[in-house]
Amino acid sequence: MLQSNLAKVIKYDVNLLVTLYFLLKTRQVSKAATQLFIGQSAVSHQLARLREVFDDPLLVRSAHGMMMTPFAQRLYPTLEIMVADLEGIFDKNQPDTEPLPMKETYRICVPDDVYIDEVSLLFYDFAHKEGLEGKVTFEVFTRYDQCIQDLNDGKIDFFFGHCNSLSNNVCVSELVELEHFFTVRRGHPLAGRRVTLRDISRYPWIELMFREQLDLVIRQCWGETIKHMRCTLKTSSASAALALINHSDSVCVFSGDVIERRGLEKLRLSEPALKTKAYLYWHKVVDNDGFHRHIREGLLRRYVRESVFVQ
């Protein structure tokens, strides 16, 4: 298979793939031609050849301009790394330095918005310290419905937490084990008491979305009891859940680090402890990106040890 694919590269000319990268990046023949230092007609001719090679339109017209086809969207992250690797070949004779970004933008997905502020500050300070301002953009955001598919497609560079339904192209590394507790505000009627699940079920329940692993552990530990909780709010925002806890008698489950930092109360139960593991995920297209490896093996792991920010 390798020989067959390599033969195709030789046959069709690797420059076609570079052209495709700039076409997908700019979504305009004229802009791609400018960045490639060739004429628009030459780029149009190469686009026609690329469509024939891949048997796919690659770019199609829409009301919002040229848009990538689903196949082109899957291909783009790989092309981005390939072009960066080609650029790096000409730097091999330079003295060893800290690895430089291979992409213009790195996307970071954290479990929920309770960590957005500090993670954003972490990457901002890192960019400033490394002199990367204007050279790279870090996008920090919380989970959303499409994020697992985006991770599988290589559209997310750092994904924290726990997720299922991953493709074989996603790499994973265990970060930390977390313990979770029923959480209430200080002064809550149950605060400071040893309680049962029946006691807790009398109070409004707040359910946080995108916590598949924790939800499974809860069902395994508490069985049918959890089905009788009176769910008052179901939200993807941990900040909203924390605000409601502080202004009501509601109950929610949070990890120990969040409880301590927000000055909340853990309820004391005789039931087994709720423990989950948090992981770092990334796509194989960036597995050999030295800058990505520098971040995940240095900055992020050090920060997780010092201040856990995953649930």
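The model is predicted: local features need pLDDT of at least 70, side-chain atom pairs count only at pLDDT 80 or more, and totals for chains, interfaces and linings use all residues. Residues are numbered from 1 along each chain as its sequence is written, and side-chain values use heavy atoms, with hydrogens and water left out.

Helices (H or I, at least four residues) and strands (E, at least two) are DSSP runs, numbered from the N terminus. Strand E13 spans residues 274-283, and eight of its ten residues are buried, so the strand is largely enclosed by the rest of the structure. Here, buried means under 20% relative accessible area, exposed over 50%, and partly exposed in between (1.4 Å probe, protein chains only). Two strands pair if DSSP finds at least two bridges between them. Strand E6 (residues 170-184) runs antiparallel to E13 and is joined to it by ten bridges, with Glu 179 opposite Lys 275. Strand E5 (residues 158-161) also pairs with E13 in the antiparallel sense, over three bridges; Gly 161 stands opposite Tyr 279.

The structure holds 14 aromatic pairs. The rings of Phe 182 and Trp 205 have centres 5.6 Å apart and planes at 65 degrees, so this pair is edge-to-face. Rings of Phe, Tyr and Trp (its six-membered ring) pair if their centres lie within 6.5 Å; planes under 30 degrees apart count as stacked, over 60 as edge-to-face and the rest as tilted. Both Phe 182 and Trp 205 are buried. Ring pairs also link Tyr 106, Phe 123, Phe 126, Phe 138, Phe 158 and Phe 291 into a cluster.
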